[in-house]
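Please open the structure in a viewer and keep the selection tool at hand.

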Amino acid sequence: MRLLSSAGFTLAVILSAPAMAQDRSTSNGGDDLHTGDPIIVTAPYVRSLDILGNVSVLEGDELARDIRGQIGDTLTRQAGVSATSFAPGASRPVLRGFSGERVRVLTDGIGSIDVSNTSADHAVTIDPLTVERIEILRGPAVLLFGSQAIGGAVNLFDRRIPRKVPTDHIHIDAIGGYGTAANDRNGGASLDVALTSNIVAHVDGSWRKTGEVRSGGFVYAPGLRAELLDLAAEEAEEGNDGEAAELTEQAGSRGKVANTASETWTAAGGLSLINDGGQLGISVSYYDSNYGVPSRPGTEHHHEEGEEEVEEGEEEGEAPVTIGLKQWRADLRGEVELGDGFFDKLRIRAGFADYEHTEFEGDEVGTVFTNQGIEGRLELAQNDRGGWRGASGIQYSHRDFNAIGAEAFVPRNLTDQFALFTLQEWTLGSLGIEAAARYEKTDVRAPTLGISRNFNSFSGALGANYEIGESAKIGLSVARAVRAPSAEELFSNGPHIATQSFEVGNVDLKREASWGAEASFKVKTDAFNLSLTGYSNWFDNFIYSEETGEEEDDLPVFQYFQRDARVWGFEAEASARLAQIGGFNIVGDVVADMTRAKIKGGDNVPRIPAMRVLGGLEAQGERIDARAEVEWTDDQTRIAPFETATKGFTLVNASISWRPLPDTRNLTLSLAANNIFDVEARRHASFTKDFVPLVGRDIRITARASF
């Protein structure tokens, strides 16, 4: 616990919460914890994030419908969002083609403090079952959360630190469901109790258990099936008929994807003191998950030199890889009202986590990953003075990461980051102007290598929007963003069995910098909403991992390179009220997104999602909602060297929700059919797409209650 003693004083001084919080009415029809009061939104920093970025919100019945085991797979219906989909137990969001070190996953403005950014097979330690609201933040404004948010940020809100006193002294939320494709049984519940007029206690827990996922169509992609059949032919020529038959059968595999079962449970408790002068709260939580990591067929894992030879009759590579992880976490949030002076509020937000996961090869321990981290923010929000408002603050984080075992592909490393930031906003009639700046100092050290790298980074953004009448506005922003390379990008050098790769870093990497521009057009009326956004980033020293075509320890080598690059694309969302039939409003909506990414010299950036269009038709009633939608994803043939193309797909989904209690939305029962036609589908952003397809036909039943 050396981390606690070394950072204790810093934690006491450097804390924060996201700034420029504002009240926003809930869309849940009165099932909020504080009926009649608005939900406090602590992100984004600006009132609407219309100038320096944009925000998508997922909550209520829509969140309940889309909840999956990992946050990445929960968000894939949103504009500009894909997922790594490494395995059902591990899936991070991909925003505008960015993932890993360029997308921050936050809990109420503070990082998840795990190792999900280290490798695609590592899970995010946030269970969506415990989340009440998710905000997807894009554009240059999200750099205020850190330089690791160049691609965007996903900010999740729970109730573990209560913000309000329940009006009826006790409040209960619960959700539970079942999905057929993986025998997915899940449930979560939370309880808030007003102990006194200004002290609120909270407890919550969740549990999810799945079997192996059933796919639509073939388990293996066409190219991989062809490889297996070629191997079968070779075995047959050599007279190994048994091996040939086994490979042929494997190539034709359909249905269940081996080693994809998972089990996750969480528990948490919190306490808040709330009065007119502000609030102060703490929470403690525990996350525990065990999940399988599917392996590429035909791959073998060889022992390092000097290790015990495989016994006769025992085949290498047969033991399935599973990951068992746990995380203890403590959080603090506070807010002090400062009155009518220059500053409005002082906000503090901090989190500490102790994380460990073990990669098992069968019953044997392979590699153990540990991470102790702390992150804190302190910020002062300004009162509105004639249309001028803003927020400024400081941020600090410390990370102590270690990997122990034969396949510790990253050495022990420590990262310290300190930042100063400010955001200022002016409203001048129909014109809105925003300016943001961030200074960041990053120290990355690998003690066992005797290497230390220090980086100073300055980032800034300037934007404006103009209201065209009462319902439309146009916006334009430019930003300069600079990111220090991560420890994984600098120091990786070794085999990683879970990803079936040999990962090689580059200790000489420079800072990654980009110029970005974004333009938007938005219309919002009672009957029609439209949002169009185009963006482009020009990178100097873009850091990326690419397969080299070489092998080390019989594993393909993936090495980090640095070259100039360009990323550009668009996002579009529209919805319209088409008709009213009986007691139902008929609403149509469409989401479309596309990202292109090129390395200077002509190569494509690896694992960029293909163009996607999702359209839906919904009948919205007082007690019943019904929806049907079609999602079309294009082929992805713009691929990097040694990367395989991904065939496009079309999914058809339908759902119906019923609120049985009159005059309230506090209880919702839902039935959804996803991938109705059992289509074989794969996400190009996934490392494992050729042998881990998306879920096949999945009938899901969900019950959600809030009282």
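Predicted model: local features only at pLDDT ≥ 70, side-chain atom pairs only at ≥ 80, totals over all residues.

A residue is termed buried here when its relative accessible area is under 20%.

**First stop: D66 and its partner**

The side chains of D66 and R77 meet in a salt bridge, with an N to O distance of 2.7 Å. R77 is located in the loop between helix 3 (71-74) and strand 4 (81-83), whereas D66 belongs to helix 2; the pair therefore ties together parts that are 11 residues apart in sequence. R77 is buried as well, its relative accessible area being 15%.

**Second stop: R627 and D589**

Select R627 and D589, and display their side chains. A salt bridge joins R627 to D589, and the closest N and O atoms are 2.8 Å apart. R627 lies in strand 32 (residues 624-633) and D589 in strand 30 (residues 584-599), so that distant parts of the chain, 38 residues apart, are linked. R627 has a relative accessible area of 11% and is buried. Now extend the selection to R65, D66, R77, D589, E618, R627 and E629: salt bridges that share partners join these residues into one network.

Which residue forms a salt bridge with R704? The partner is D61, and the closest N and O atoms of the pair are 2.9 Å apart. R704 is in strand 35 (residues 698-706) and D61 is in helix 2 (residues 60-66); this pair links distant parts of the chain, 643 residues apart. R704 is buried, with a relative accessible area of 15%. The count for the model comes to 47 salt bridges.

Select residues 222-237, which form helix 4, and residues 241-251, which form helix 5. How do the two axes cross, and within what distance do they come? The axes come within 8 Å and cross at roughly 165 degrees. Helix 4 is therefore roughly antiparallel to helix 5. The crossing of helix 4 past helix 5 is left-handed.

To view the contact itself, display R225, L228, L229, L231, A232, E235 and A236 in helix 4. These residues meet D241, E243, A244, L247, T248, Q250 and A251 in helix 5. By class, the contact of helix 4 with helix 5 contains eight nonpolar, two polar and four charged residues.

Note on methods. Residues numbered from 1 in each chain as written. Heavy atoms only, no water. Axes fitted to C-alpha atoms, helices over the stretch in contact; angles between N-to-C directions. Helix = DSSP H or I, 4+ residues; strand = E, 2+ residues; numbered from the N terminus. Parallel < 35°, antiparallel > 145°, perpendicular 65-115°, else oblique. Left-handed = near helix turned anticlockwise from the far one by under 90°. Contact = heavy atoms within 4.5 Å. Nonpolar A, V, L, I, M, F, W, Y, C, P; charged D, E, K, R; others polar. Salt bridge = Lys/Arg side-chain N within 4 Å of Asp/Glu carboxyl O. Buried < 20%, exposed > 50% of the residue type's maximum accessible area, 1.4 Å probe, protein only.
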